[in-house]
Amino acid sequence: MKELDPILHSQLRLAVMSILMNVEEADFVYLKEKTESTAGNLSVQLDKLSTAGYITVTKGFAGKKTRTTCQVTELGRKAFEQYVEALKSYLNL
Amino acid sequence: MEEKKLTERESLELITTMINRTRERYIGDGNIMLMWGYLSVVVAALVWIMLVKTHNPVWNWLWFAIGVVGGIATPIMSKKSELKSGAKSYSDKITSQIWTVVGISALVATLFCFVFSFMGMHNVWRMMFAFALIIVPMAEMAQGIVVKEKSFIFGGAVGLCIGIFAVCCIAADMPLGANWFLPMYMIAFACMMIIPGHVINHKARQQR
């Protein structure tokens, strides 16, 4: 049986990846709202996903405010697909 | 949401919940469509009034106001809309690419019309009506199919019918008279842009 990817097998990181798999890109505020998480916690988990190479985080400006946007990478996409396959095998789906 | 380890079943449930939440996304606003719609209708009305009053074809230069004003306002408005939604979906990307192709084609068509016009073939500008009433409705219908919005499909279909009629008139060397063709052009843009724009804004207000 395949082992579940420890980077993805945690609540907030999996929530973020599930969202990013369904959109082209999403900003920090959108992710915070959809995952109902705190800014600090989300920031830490985004860093972990980024370090693993699963997402790219781009910091830019929207007028005078900073805007952080996230996008899933090809590596992240493959990891997520493998994770779902592993889940299916665990649950005999 | 706290950071915790999950069971396999919880993981699957979480993925499903998040996918559903991305589907509940902001529908967007119809302001860009309304801007193009009202701009096209107002300019067509102005050209019509001035042509009827003065019989001077120089007023046809007013048509360029559509491209200039719309071309400047669209990127500013779409940036604002993107910031408001917080996420860019795949359908947003496809829609944006469709309209980019329409914009580039409009520039190329204008360029060709200028070249032909400099060679003395001023009638070539009629082709821009066919362009506006064939390419734009096709793009709008494609957008309607991608985002599953019926008002885009119906509005585009009305515009396309008028566009096909315009092409037939041009092919048959029938002059596009200002008194009957410009009202048809305005009806086409009202159906293609103004009505769907208000429909989208109404849906967005309901979503809030």
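This is a predicted model: local features need pLDDT of at least 70, side-chain atom pairs count only at pLDDT 80 or more; totals for chains, interfaces and linings use all residues.
Local features need pLDDT of at least 70 and side-chain atom pairs count only at pLDDT 80 or more, while totals for chains, interfaces and linings use all residues. Residues are numbered from 1 along each chain as its sequence is written, chains are lettered from A in the order in which they are written, and side-chain values use heavy atoms, without hydrogens and water.

**View 1. Packing of H1(A) on H3(A).** Helices are DSSP runs of H or I with at least four residues, numbered from the N terminus. H1 (residues 11–22) and H3 (residues 39–51) of chain A pack at about 70°, with axes 10 Å apart; axes are lines fitted to C-alpha atoms over the stretch in contact, and angles run from 0 to 180 degrees between N-to-C directions. H1(A) is therefore roughly perpendicular to H3(A) (65 to 115 degrees). A:Leu12, A:Arg13, A:Val16 and A:Met17 of H1(A) meet residues of H3(A) including A:Leu42, A:Gln45 and A:Leu49 (contact: heavy atoms within 4.5 Å).

View 2. H6 (residues 150–171) of chain B has 22 residues and spans 31 Å from first to last C-alpha, close to the 32 Å expected at 1.5 Å a residue (1.5 Å times one less than the number of residues). Its buried residues (under 20% relative accessible area, 1.4 Å probe, protein chains only) include B:Phe152, B:Gly159 and B:Cys169. After H6(B) comes B:Asp173, with a positive phi near 60°.

View 3. B:Cys113 is buried, at 0% relative accessible area.

Conventions. Helices (H or I, at least four residues) and strands (E, at least two) are DSSP runs, numbered from the N terminus. Angles under 35 degrees count as roughly parallel, over 145 as roughly antiparallel, 65 to 115 as roughly perpendicular and the rest as oblique. Buried means under 20% relative accessible area, exposed over 50%, partly exposed in between (1.4 Å probe, protein chains only).
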